[in-house]
Amino acid sequence: MSEKGKIIVKALVTGGSASGGPPIGPAVGPTGINIKDVVDEVNAKTMVFKGLTVPVRIECDPETKQFEIFVETPSTASLLLKELGAEKGSSTNLEQRIGDLTLEQVMSVARAKKEIYMDRTFKKSVKSVLGTALSIGATVEGEDPRIIQKKIDEGAYDDRINEEA
């Protein structure tokens with residue numbers, strides 16, 4: 001793809017359900033690139049995040065009619081909500097809990113976000129995801145996520161949270 005004249009389209013799409021309408025169609029249409037081809041590839045690449053809002057970047061070259069799709073990971077909150085089977089977090093997260101996560105689910109989300117947490121140890125990444133769990137109103141293994149964070153600091157889960165992601 002030539003660098004000169006490249007058009008970059010950033011959009012939020014629902015995993016596996018993008019369409020030729022906004023935001024993709026109106027942005028890609030003027031480049032002359034086949035919108036259906038772009039939408040089909042976006043849907044194929046985001047199917048793993050079906051139902052979640054996913055940030056995508058589409059790099060279009062109007063000269064060659066070539067394009068590349070880059071899929072970014074959904075937000076930590078979106079991944080936790082998917083784990084819980086919930087549509088949205090609690091508006092009063094300290095009073096109203098929306099569900100309970102296992103430590104394994106929290107670790108799975110930390111692994112999915114590892115490119116975001118590159119400079120952190122896996123243990124610190126897990127603690128960061130626990131902070132998000134608190135903000136959406138989830139408990140972890142029946143407890144306030146802050147208690148789990150303290151237990152991690154004390155080494156209580158060292159057998160389960162190894163430094164490899």
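Predicted model: local features only at pLDDT ≥ 70, side-chain atom pairs only at ≥ 80, totals over all residues.

Visitor: Which residues of helix 4 are buried?
Guide: Helix 4 covers residues 103-112, and its buried residues are Leu103, Gln105, Val106, Met107, Val109 and Ala110. To be called buried, a residue has to be under 20% relative accessible area.

Visitor: What makes glutamate 59 buried or exposed?
Guide: Its relative accessible area is 10%. The cut-off for buried is under 20%, so glutamate 59 counts as buried. You'll find glutamate 59 in strand 2 (residues 53-61).

Visitor: What does the side chain of glutamate 59 make a polar contact with?
Guide: With the side chain of lysine 6, at 3.1 Å. A polar contact needs N or O atoms within 3.5 Å, and the 3.1 Å pair meets that distance.

Visitor: And why is glutamate 68 called partly exposed?
Guide: Glutamate 68 has a relative accessible area of 37%. Buried is under 20% and exposed is over 50%, so 37% falls in between and glutamate 68 is partly exposed. This residue lies in strand 3 (residues 66-71). Glutamate 68 and isoleucine 58 are 10 residues apart in sequence, with 5.7 Å between their C-alpha atoms.

Visitor: How do you know whether glutamate 87 is buried or exposed?
Guide: Its relative accessible area is 80%. Exposed means over 50%, so glutamate 87 is exposed. Glutamate 87 sits in the loop between helix 3 and strand 4. From glutamate 87 to glycine 25 is 62 residues in sequence and 27 Å in space, C-alpha to C-alpha.

Visitor: On to the helix pairs. At what angle do helix 5 and helix 6 pack?
Guide: Helix 5 (residues 122-136) and helix 6 (residues 145-153) pack at about 165°, and their axes are 9 Å apart. Over 145 degrees counts as roughly antiparallel, so helix 5 is roughly antiparallel to helix 6. The crossing is left-handed. Helix 5 brings Lys123, Val126, Lys127, Leu130, Gly131, Ala133 and Leu134 to the contact, while helix 6 brings Pro145, Arg146, Ile148, Gln149, Ile152 and Asp153.

Visitor: How do the residues of that contact between helix 5 and helix 6 divide by class?
Guide: Into 7 nonpolar, 2 polar and 4 charged. Gly counts as polar in this scheme.

Visitor: What makes helix 3 and helix 5 parallel or perpendicular?
Guide: Their axes cross at roughly 70° and come within 10 Å. The range 65 to 115 degrees counts as roughly perpendicular, so helix 3 is roughly perpendicular to helix 5. The crossing of helix 3 and helix 5 is right-handed. Thr76, Ala77, Leu80, Leu81 and Leu84 of helix 3 meet Val129, Thr132, Ala133 and Ile136 of helix 5. By class, that contact of helix 3 with helix 5 has 7 nonpolar, 2 polar and no charged residues.

Visitor: Which residues make the contact between helix 3 and helix 4?
Guide: Thr76, Leu79, Leu80 and Glu83 come from helix 3, and Gln105, Ser108, Val109 and Ala112 from helix 4. They divide into 4 nonpolar, 3 polar and 1 charged. The crossing of helix 3 and helix 4 is right-handed.

Notes
Residues numbered from 1 in each chain as written. Heavy atoms only, no water. Axes fitted to C-alpha atoms, helices over the stretch in contact; angles between N-to-C directions. Helix = DSSP H or I, 4+ residues; strand = E, 2+ residues; numbered from the N terminus. Parallel < 35°, antiparallel > 145°, perpendicular 65-115°, else oblique. Left-handed = near helix turned anticlockwise from the far one by under 90°. Contact = heavy atoms within 4.5 Å. Buried < 20%, exposed > 50% of the residue type's maximum accessible area, 1.4 Å probe, protein only. Polar contact = N/O pair within 3.5 Å; in protein donor to acceptor, adjacent residues only side chain to side chain.
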